[in-house]
Amino acid sequence: MKELKAPSTLLSSFYKKDMTIDAAIILPAEYYSEPTRMFPVLYKVSGFGGDYHSYSGKDAKSSPIDSIPCITVFLDGNCPTGHSTYANSANNGPWGDALVNELIPLIEKNFRCNGARFLTGHSSGGWTVAWLQVNYPKVFAGCWSSSPDPVDFRNFQLVNIYDDKNMYYDEEDNIRMDGTIAGRIPWVYLKDDYLIENVLYRGEQYQSWNAVFGDMTKDGVPESICNVNTGDIDPVVVSHWKNYDISLILRNHWEELKPDLDSKIRFSVGTDDNFFLDKSVILLEQEMNKLNSNFEFAYYPGDHFTVGFETYYKDGYQFLAKRYAEWLIQQP
């Protein structure tokens, strides 16, 4: 287990102070038993609030990609506004470019990497890895996105941000659920979460999305998708958010992206996701089917927290192992 803090010129310039991109490097046992062997790298991104320091003090070894030994890089998605999602944004700065152009080269300089790079993550980490694969399709050889944050903004936790007028209430004035049990029984509502975060602001989930997807206001803070008091959706902010709608990007740029991206992404999600994230994945699958893409989509029994059983992980890692075999064939 190694901690790596990569100095970032890009982020330091944005924040006007010294910044690093941090990660935990987890080496396989074969790294020491086979001292000349080169390894593929699996980049893991935590969900919202995750922190690679949870590995501290543990004698953990890198889990293989299926049965393939690999170097695991556990990325720290935390930033001052919440989760950076490693997306270049007006409020957080060039996190994606910093990862690709600064951290990854440093890792490959210091460890025995063979050039094969893969991505996986759950929840906000699932959205992150899909975003990175779509925006840097030549850099990464494959991506398994697990229960990602909304990948189609026509169903942003049941809200269609393009057509709906209010985040808190639907057209029949029914209050919108946010967190649920099994996607059906509410335990918190969207209105509650927005109001709580407005009082206890410390980079929580909705403030984090505002920071990534929205522009910066003249006061230097992230613009909000909706009026916190009324829930009314701001169409100007929506015009900024759509630049981060993965489904929309794929639909608008598929011919350009297809040669480097097709077959590289697997999406999987529980059919009873607590935050309705399965609905967004279903919408994306419908659009990708129209484009005759070779993305994989898989649905499993379980919710956002219980879906990760043995078969779920086995299927995901087998997908990455298949992509690795294809990557090896393509090498000179």
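This note sets out points on the charged, nonpolar and aromatic side chains of a predicted model.

1. Basis of the note. The model is predicted, so that local features need pLDDT of at least 70 and side-chain atom pairs count only at pLDDT 80 or more, while totals for chains, interfaces and linings use all residues. Residues are numbered from 1 along each chain as its sequence is written, and side-chain values use heavy atoms, with hydrogens and water left out.

2. Salt bridges in total. The count comes to 14 salt bridges, a salt bridge being a side-chain nitrogen of Lys or Arg within 4 Å of a carboxyl oxygen of Asp or Glu. Side chains of opposite charge can pair when their charged atoms come close.

3. Asp152 and Arg251. These two residues form a salt bridge in which the closest N and O atoms are 3.6 Å apart. The pair links distant parts of the chain, with Asp152 in the loop between strand 10 and strand 11 and Arg251 in helix 8 (residues 246-261), 99 residues apart. Helices (H or I, at least four residues) and strands (E, at least two) are DSSP runs, numbered from the N terminus. Asp152 is buried at a relative accessible area of 0%, whereas Arg251 is partly exposed at 27%. Here buried means under 20% relative accessible area, exposed over 50%, and partly exposed in between (1.4 Å probe, protein chains only).

4. Arg323 and Glu326. A salt bridge of 2.1 Å, N to O, joins these side chains. Arg323 and Glu326 are separated by about one helical turn because they are 3 residues apart in helix 10 (residues 310-330). Arg323 is buried, with a relative accessible area of 7%, and Glu326 is partly exposed at 25%. Elsewhere, salt bridges that share partners join Asp152, Arg154, Arg251, Glu287 and Lys290 into one network.

5. Glu3 and Lys5. The closest N and O atoms of this salt bridge are 3.9 Å apart. Glu3 is partly exposed at 47% relative accessibility, and Lys5 is partly exposed at 42%.

6. Surface patches. Asp163, Glu171, Glu172 and Asp173 form a negative surface patch. Patches are made of residues with over 30% relative accessible area and no salt bridge, like charges being joined within 9 Å and nonpolar side chains (Val, Leu, Ile, Met, Phe, Trp, Tyr) within 5 Å. Asp163 lies in the loop between strand 10 (142-146) and strand 11 (180-181) and is exposed, with a relative accessible area of 53%. A nonpolar patch consists of Ile181, Ile185 and Trp187, with about 330 Å² of accessible area together; Ile185 lies in strand 12 (residues 185-186).

7. Aromatic pairs. The whole structure holds 34 aromatic pairs, counted where ring centres of Phe, Tyr and Trp (its six-membered ring) lie within 6.5 Å, with planes under 30 degrees apart stacked, over 60 edge-to-face and the rest tilted. Trp144 and Tyr312 form a tilted pair, 5.7 Å centre to centre with 55 degrees between the planes. Trp144 lies in strand 10 and Tyr312 in helix 10, so the pair ties together parts that are 168 residues apart in sequence. Both Trp144 and Tyr312 are buried.

8. Tyr168 and Tyr194. This aromatic pair is tilted, at 5.8 Å centre to centre and 55 degrees between the planes. The pair links distant parts of the chain, Tyr168 in the loop between strand 10 and strand 11 and Tyr194 in helix 5 (residues 190-199), 26 residues apart. Tyr168 is buried at 0% relative accessible area, and Tyr194 is buried at 5%. Ring pairs link a cluster that includes Tyr168, Tyr194, Trp127 and Tyr244.

Terms used: Accessible areas come from the Shrake-Rupley method with a 1.4 Å probe; for residues, only the protein chains shown count as cover. Lys and Arg count as positive and Asp and Glu as negative; His and the chain ends are not counted. The place of a charge is taken as NZ of Lys, CZ of Arg, CG of Asp or CD of Glu.
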